[in-house]
Amino acid sequence: MHDDLYQEILLDHYRHPRNKRPLPHIPESRAHENPTCGDSVKLEVKLHDGVIEEVAFDGKGCAIDTASASIMTELLKGKTVEEALALAEKVIRMIRGEDPTPFEEFGDLVVFSGLSAYPVRVKCATLPWHALLDEISKLRSDIPSR
Ligand code: ZN
């Protein structure tokens, strides 16, 4: 384990979250919450021709929730909707300890290796990814099929 290094990466994402900004046009009813910890996250997913141009987030969360959202927005850029859905489902399983893929394969996501031993924290880390799955399914129902 490289606990100190992981801690540093996590805190960097918490203190300087990537792609975090106010999203006044996204109603609070679209926020996803983790009542166990008090985390709340809203997402804005920008698609162009089925490819994710950008994901932005806003909300208040603990270090783990905020870092997870920040890392997620970086990992999603340039992915197709299908790739993003598959990634989200995989990452959720990995964080829960149900998928043995090494976290090292997904950049800064490595900070969550070993987190599955802490079920309360697992909910913090998976919240943004659940929010993503939900937002994408909403986007799809908004867009007429071509
Ligand atoms: Zn939390």
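**Entry 1: the model**

I noted at the start that this is a predicted model.

**Entry 2: the sheet**

I looked up the strands first. In what order do the three strands of the open sheet run? I read the order as E1-E2-E3, with antiparallel pairing. Strand E1 covers residues 32-34 and strand E3 covers 51-60. Both stand at the edges with a single partner strand each, so one side of each has no neighbour in the sheet. Neighbouring strands are turned by 25° against each other on average, direction ignored.

Next I noted how helix H2, residues 63-76, sits on the sheet. H2 packs there and touches E2 and E3. Its direction makes about 170° with that of E3.

**Entry 3: strand pairs**

I took E1 and E2 as a pair. They are antiparallel and share three bridges, with E2 running over residues 39-48. Which residue of E2 is the bridge partner of Asn34? I found Asp39. Glu33 has Ser40 in E2 as its bridge partner. The two strands form a hairpin with four residues between them. Gly38 sits in that turn and has a positive phi of about 95°.

Then I took E2 and E3. How many bridges join them? I noted nine, again in the antiparallel sense. Val45 is bridged to Val55 in E3. Val41 is bridged to Gly59, also in E3. This pair forms a hairpin too, with two residues between the strands.

I checked how covered E2 is. Seven of its ten residues are buried, and I wrote it down as mostly covered.

I stopped at Asp49, in the loop between E2 and E3. Asp49 has a positive phi of about 55°, although it is not a glycine. Is Asp49 buried or exposed? The relative accessibility is 60%, so I put Asp49 down as exposed.

**Entry 4: two helices**

I looked up how helix H1, residues 3-15, meets H2. They pack at an angle of about 85°, and their axes are 8 Å apart. Angles of 65 to 115 degrees count as roughly perpendicular. H1 and H2 are therefore roughly perpendicular to each other.

Which residues of H1 make the contact? I listed Leu10, His13 and Tyr14. On the H2 side they meet Ala63, Ile64, Thr66, Ala67, Ser70, Ile71 and Glu74. By class, I noted six nonpolar, three polar and one charged residues in this contact.

I moved on to the loop between H1 and E1, where Pro17 is found. Pro17 has a relative accessible area of 25%, so I marked Pro17 as partly exposed. I looked for its contacts beyond four places in sequence. They are Asp12, Phe57, Thr66 and Ser70. I also took one distance. Pro17 and Glu105 are 88 residues apart in sequence and 21 Å apart in space, C-alpha to C-alpha.

Asn19 is found in the loop between H1 and E1. Asn19 has a positive phi of about 60° and is not a glycine. Its relative accessible area is 25%, so I marked Asn19 as partly exposed.

Cys37 lies in the loop between E1 and E2, and Cys124 lies in helix H4, residues 119-142. The pair therefore ties together parts that are 87 residues apart in sequence. I compared their cover. Cys37 is partly exposed, at 29% relative accessibility. Cys124 is buried, at 0% relative accessible area.

**Entry 5: Asn34**

Is Asn34 buried or exposed? I wrote down buried, with a relative accessible area of 4%. Leaving out residues up to four places away in sequence, Asn34 touches Asp39, Lys123, Cys124 and Leu127.

Technical notes: Residues numbered from 1 in each chain as written. Predicted model: local features only at pLDDT ≥ 70, side-chain atom pairs only at ≥ 80, totals over all residues. Heavy atoms only, no water. Pairing = 2+ DSSP bridges. Axes fitted to C-alpha atoms, helices over the stretch in contact; angles between N-to-C directions. Contact = heavy atoms within 4.5 Å. Parallel < 35°, antiparallel > 145°, perpendicular 65-115°, else oblique. Nonpolar A, V, L, I, M, F, W, Y, C, P; charged D, E, K, R; others polar. Buried < 20%, exposed > 50% of the residue type's maximum accessible area, 1.4 Å probe, protein only.
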